[in-house]
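Hello,

Here is the structure I promised to pass on to you. Please open it next to this message, and I will walk you through what turned up.

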Amino acid sequence: MVSQTLGSVQIGGMNEAVAKTGSTLRKAFPYALKFAEGMAFAIELVTFQLYFYEEAMVLFMRIYSREIYNKELDKIWFDQVVNFDFIFSWYVSDWKQYGILAVYSYNAISSCLYQLRAWREYGEILTGGMPSYYDFQHIGDYLADAEQVKNF
Amino acid sequence: MVWVKYEGTEERYTSLQSLGYEVLTDLDTGTMRVTLGSNSNPDVLTPSGVTSSTIFDDVQSKGYWYDYNGADPYYVGLQKDGFTVQQDRVSGYIRVNGKIITDYEYYKATGKMPSVSKYYDAPGPSTSDLGMETGTDITKSWRAYNGGDLNLLGLMEDGVDVLQNGATDEIMVNGKVWTPVDYYEEFGKFPGKVTWSQLDEGGEWPSLRSLLLQADAERMQSATTYSNIEGKSFSRAIWEKFKTKLPSYEWGVGIVDAGLFLLAYEMEAVSFTEYLYYEAVRWGVRLLKVIYLHKDTTLLHYFADKIYRNVWAPAYSFHLAWGPLNPFSFDGYEVVYRYYWNEILKYTGNYFDNAFGFRASEYKTNSNTGSETINEYHTNGTQVE
């Protein structure tokens, strides 16, 4: 009957009766999935944004490390002041602003930053500079984990 | 009734008096009554959940007020005293001489919170049956049948007077209220659900859009009513409205879907993090190699210390702690880390033996086979053949 068809209102693709009887958790489930996917997307976005900086630094390091090995001091000086600092400052800046959103790769990126900065420190020493202090934050007590590594 | 100021010693009343409330007692019956004292500030006493009278204004103007017929002794007593007590049959609010009584005021007057059930004392039709959208009260009227029953519509086409009660959905044919048996005797079958059309009183079939708008409006009205009556939070009211929009979903499919998603995601995350650590270790070890080739032992130990603490330790500890979550990549990275640990030992010699309190060089492994070979040393540092 026409009236019976019209009397059963469809809500969000679901019959009205079903909408009123389904459990809350059951109805919330697909939205929880969508939320998890949204979180994952944000994490991936930041992770890859920072990974591209890492790639840029690797391209640069192929030249820079060779110059350091050959002790080409003028090239070292030029490259680390012009190229290294240019890429690295963007890298660190974005990591400091958004790196925490990358969640799982935050510590790994700070390790990458540290070894890059170590190369630059050694370049400075070769060009007449001094050893310097620098630090990049880690989340969690990885030195305690390192104790486990020692005992492993 | 003779209300006088309470001068007893019962603490629950004296404490209220000390707070500025006016405590009265009836000399005839001994009934107690607590009212707001003259020193009370009504702004302060307004319950925090209702900071403005917007809701009350809404109820005052749109409510369906009728004489209170519940059993609450407080209101019954007021009625006996000649007060005009009315209740809104939609929201359940009660007003005395035109002023809505909040729960807090009720509490101040009676010493206890009102019973929730008082809201359901009121008999009457549902919200939608009241015709809230059109502002007309159809509860007491018989209207021309406006539903979709083809048999009844056929009767109407034949000129028979078919009416329907907006509140009860009863069908009246030629002045006689029909039972289902009457319907059966006429048409040879029992009626389906013959509903009153609340959507379109003009007599035309409602459009799908108007049906959806109507359902939406009813849910909104329902959420608002709930939030007013039962003291639910605003977010709860929104959820009441929102949850009916969620599509159905199969539990099994949902759990498997979520499980596969999380499994794939954590494996991807672990292996990619290991890759980033691998990059750091790779270039860090390469730096040590360059310094080693430059034959500057002091700087080599200086940088080896830094690289070990800030690159190697977090990388390998992450590998051991989380790497097994991706068993497909774990063995590969294990080989990588063993290779680079051998590289570190090759460039730094026995430096870490002294720096970290254990003989790191004993953990030198054969990177070609992946098998661990424990090297033995004489006390003078030379290796046992």
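**Where the two chains meet**

The helices α5(A) and α11(B) pack with their axes 9 Å apart, at an angle of about 170°. Axes here are lines fitted to C-alpha atoms, for helices over the stretch in contact, and angles run from 0 to 180 degrees between N-to-C directions. Angles under 35 degrees count as roughly parallel, over 145 as roughly antiparallel, 65 to 115 as roughly perpendicular and the rest as oblique, so α5(A) and α11(B) are roughly antiparallel to each other. Helices (H or I, at least four residues) and strands (E, at least two) are DSSP runs, numbered from the N terminus.

Before going on, please note that this is a predicted model, in which local features need pLDDT of at least 70 and side-chain atom pairs count only at pLDDT 80 or more, while totals for chains, interfaces and linings use all residues. Residues are numbered from 1 along each chain as its sequence is written, and chains are lettered from A and ligands numbered from 1 in the order in which they are written.

On the α5(A) side, the residues that meet α11(B) are N107(A), S111(A), Y114(A), Q115(A), A118(A), Y122(A) and I125(A). Their counterparts in α11(B) include F303(B), I307(B), P314(B) and F318(B). Two residues are in contact if their C-beta atoms, placed from the backbone, lie within 7 Å. This contact is made up of eleven nonpolar residues, four polar and one charged; Ala, Val, Leu, Ile, Met, Phe, Trp, Tyr, Cys and Pro count as nonpolar, Asp, Glu, Lys and Arg as charged, and the others, Gly among them, as polar.

**The cores**

The largest nonpolar core has 56 residues. Such a core is a set of buried Ala, Val, Leu, Ile, Met, Phe, Trp, Tyr and Cys residues joined through C-beta atoms within 7 Å. A residue is buried if 20 or more other C-beta atoms lie within 10 Å of its own, exposed if 12 or fewer, and partly exposed in between, with C-beta atoms placed from the backbone. Among the residues with the most contacts inside this core are I109(A), L288(B), F303(B) and W312(B). Leaving out residues up to four places away in sequence, L288(B) touches L300(B), F303(B), A304(B), I307(B), I344(B), Y347(B) and T348(B). Another core, of six residues, lies apart from the largest one, and Y145(B), I171(B), W178(B) and Y183(B) are among its members.

**Chain A**

Chain A has six helices and two strands, in the pattern α-β-β-α-α-α-α-α along the sequence. Of its 152 residues, 29% count as buried. Among contacts in chain A with a separation of 6 or more, 65% are between residues 24 or more positions apart.

One residue to look at is I43(A), which lies in helix α3 of chain A. With 17 other C-beta atoms within 10 Å, I43(A) is partly exposed. I43(A) touches L101(A), A102(A) and V103(A), not counting residues up to four places away in sequence. I43(A) and Y104(A) are 61 residues apart in sequence, yet 8.4 Å apart in space, C-alpha to C-alpha.

**Chain B**

Chain B comes to 13 helices and eleven strands, and 22% of its 385 residues count as buried.

Three of its strands form an open, antiparallel sheet in the order β1-β2-β3; two strands pair if DSSP finds at least two bridges between them. β1 (3-5) and β3 (32-35) of chain B stand at the edges with a single partner strand each, so one side of each has no neighbour in the sheet. From one strand to the next, the twist averages 35°. Four bridges join β2 (residues 22-26) to β3(B), and L24(B) stands opposite R33(B). The hairpin of β2(B) and β3(B) has five residues between the strands, and there G30(B) takes a positive phi near 80°.

Which residues other than glycine have a positive phi of about 50°? N97(B) has one, and so does N174(B). N97(B) is in the loop between β6 (94-96) and β7 (99-100) of chain B, and N174(B) is in the loop between β10 (171-173) and β11 (176-178). N97(B) counts as exposed, with 10 C-beta neighbours inside 10 Å, and N174(B) is exposed, with 10 other C-beta atoms within 10 Å.

Best wishes
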